[in-house]
Amino acid sequence: MNKTTLTFYGGLRSIGGTIVSLQYGSDRVIFDFGLVYSPQTNILDGQIQVRESAMIRDYLTLGLIPKIDGIYHETSLPIGSSLIPANQYQGKTAVLISHLHLDHIGGMGFIDPSIPVFMSKNSHDLYQTLEMIGEGVNGDRTYESCEYDKPFFVGKIKITPLQVDHDIPGACGFHIETPDGSVVYTGDLRLHGTHPERVESFITKAKTLGFDVVIIEGTTLSSEEELPEELLVANKDIPAELITEPKVPKVMTELLHDKQGIGIFNIYHRNIDRIAGVLQAGQLLNRKVVFEIGTAQLAANLLNTTSFYIYESESLRLLRENNQLQDWQINLLDTYPSLSAQVINKSPHEYLLQNSYDHALELFDLNTEKGLYFHSDGVPLGDYDPAFHNLKRILDYLGLAKVAVGTGGHALPQHLQYIVEELDPNVLIPLHSFHPERLTPKRGIQLLPQYGKTYMLKNGALVEQDI
Ligand SMILES: [Zn+2]
Ligand SMILES: [Zn+2]
């Protein structure tokens with residue numbers, strides 16, 4: 001007789017890298033397929049040359065992608081591997097991607113091309129542009145798009161994508177149903193973004209569909225210290241002092257409006273709401289917003305706006321001079337005005353200009369006197385990344401003041417607790433956190449799964465089994 005099982009391969013006690021397989025009979029869906037970002041411990045440190053033709057083998061050896069039967073191409077497996085290659089797997093498999101952060105998609109290009117990988121239509125649109133600007137993931141394959149609220153089947157497994165709000169467009173969770181019961185996976189989500197109503201509607205829709213198990217992220221529960229008691233009590237209010245996504249442009253405006261110098265910002269450009277926020281700040285400040293060319297392409301494709309400029313960086317100048325621009329760059333430069341450092345330096349106070357960490361040396365060409373650098377959730381993100389200290393050294397060298405203006409993509413602890421209590425599942429599985437145990441159910445049981453075990457869904461409960 002067919003049964004429904006859940007097996008966990010990643011993300012149980014890390015931020016990201018969530019990989020879960022839900023199987024009914026021999027059919028299964030695997031949701032999210034990312035890599036854990038750990039600059040301190042990653043053996044592939046950017047200096048060791050990656051072997052393009054042996055990547056799956058090397059990543060499996062390093063434990064960066066999981067050992068799962070039936071998802072890798074037979075010729076990419078290590079010699080003597082006991083893993084079943086994709087072409088010898090009996091059932092149907094599909095991979096579901098909740099959103100396009102690398103901790104959820106980093107490994108999706110390694111999945112055998114015969115296995116469909118699904119993402120929301122909004123994610124799919126974003127991915128097309130990311131690929132265009134050279135930010136696709138490793139591997140060569142195509143991706144399927146799915147629509148919010150429209151169910152589709154993998155064998156007898158029914159999947160309904162449900163939109164959420166996160167700091168990237170296209171984010172969704174999934175309602176997954178088999179004849180034995182249903183599971184809701186939230187992906188990453190927050191209540192202090194531009195669209196909190198999406199999370200409320202996610203909760204309502206999930207409850208209408210019904211479920212036994214909720215798998216939810218718990219990123220903000222990760223601090224080393226104990227969390228204050230009040231943060232573990234369900235509460236959906238937005239704290240007055242919190243900078244929310246819609247507040248970011250206002251805070252930038254307040255900080256820059258009386259400054260005589262240039263405004264610089266460092267963002268993570270997959271957050272299209274933040275690109276829109278910077279444009280809004282530019283408008284409020286009456287400053288021209290100047291994007292790096294990749295970000296300009298994202299703004300052009302995903303925001304309905306023409307009110308930005310492209311920065312003619314040293315590398316862009318060189319590409320143009322040597323006729324090495326790519327087609328998308330040529331088209332963009334034909335359509336939108338571009339500005340050089342020379343022009344900007346004549347009146348730096350008229351500009352709000354993007355500078356990503358990898359282009360930090362561009363700052364040396366700019367007049368940054370009396371300027372202000374907004375660290376707005378671009379990399380390097382924090383103290384744990386050695387590059388964070390390097391950025392500080394560069395800014396100190398320039399005498400450029402840095403101020404952090406941004407907001408996280410993950411629900412606050414009390415918001416997570418609110419979401420959990422609203423959903424009120426029989427079985428709560430918190431993960432994508434260093435301290436998942438801090439998120440507790442109102443009525444049902446909390447399950448902290450272990451690797452190497454599998455859990456059978458039956459009569460609304462999960463029963464542990466050894467694999
Ligand atoms: Zn994540
Ligand atoms: Zn995320």
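Donors are taken here as N, O and S atoms within 2.8 Å of the metal (3.2 Å for Na, K and Ca), and since water is not among the atoms, sites may look incomplete. Four donors count as tetrahedral if all angles lie between 85 and 135 degrees; four count as square planar and six as octahedral if opposite donors are over 155 degrees apart and all others between 65 and 115; anything else is irregular. The model is a predicted one, in which local features need pLDDT of at least 70 and side-chain atom pairs count only at pLDDT 80 or more, while totals for chains, interfaces and linings use all residues. Residues are numbered from 1 along each chain as its sequence is written, chains are lettered from A and ligands numbered from 1 in the order in which they are written, and side-chain values use heavy atoms, with hydrogens and water left out.

We can start with the zinc ion (ligand 1). Its protein donors are Asp 103 (OD), His 104 (NE2), Asp 188 (OD) and His 432 (NE2), at 2.1 to 2.2 Å. The angles subtended by these 4 donor atoms run from 89 to 160 degrees, which makes the arrangement irregular. Along the chain, the donors follow the spacing D-H-x83-D-x243-H. Asp 103 is buried (under 20% relative accessible area; exposed is over 50%, partly exposed in between, with a 1.4 Å probe and protein chains only), having a relative accessible area of 14%. His 104 also counts as buried, at 0%.

The zinc ion (ligand 2) is held by His 99 (NE2), His 101 (ND1), His 166 (NE2) and Asp 188 (OD), at 2.2 to 2.4 Å. Here the 4 donor atoms subtend angles of 90 to 171 degrees, so this arrangement is irregular too. The two zinc ions lie 3.4 Å apart, with Asp 188 coordinating both. His 99 sits in the loop between strand E4 (93-96) and helix H2 (102-105), and His 166 in the loop between strand E8 (157-163) and strand E9 (172-178), so the pair ties together parts 67 residues apart in sequence. Helices (H or I, at least four residues) and strands (E, at least two) are DSSP runs, numbered from the N terminus. Both His 99 and His 166 are buried.

Next comes strand E12 (residues 263-267). Since 5 of its 5 residues are buried, E12 is largely enclosed by the rest of the structure. Gly 263, Phe 265 and Ile 267 lie on one side, with Ile 264 and Asn 266 on the other. Strands pair if DSSP finds at least two bridges between them. E12 runs parallel to strand E16 (residues 351-354), joined by 3 bridges, and Gly 263 stands opposite Leu 352. Another 5 bridges join E12 to strand E17 (residues 372-376), also in parallel, where Ile 267 faces Ser 376.
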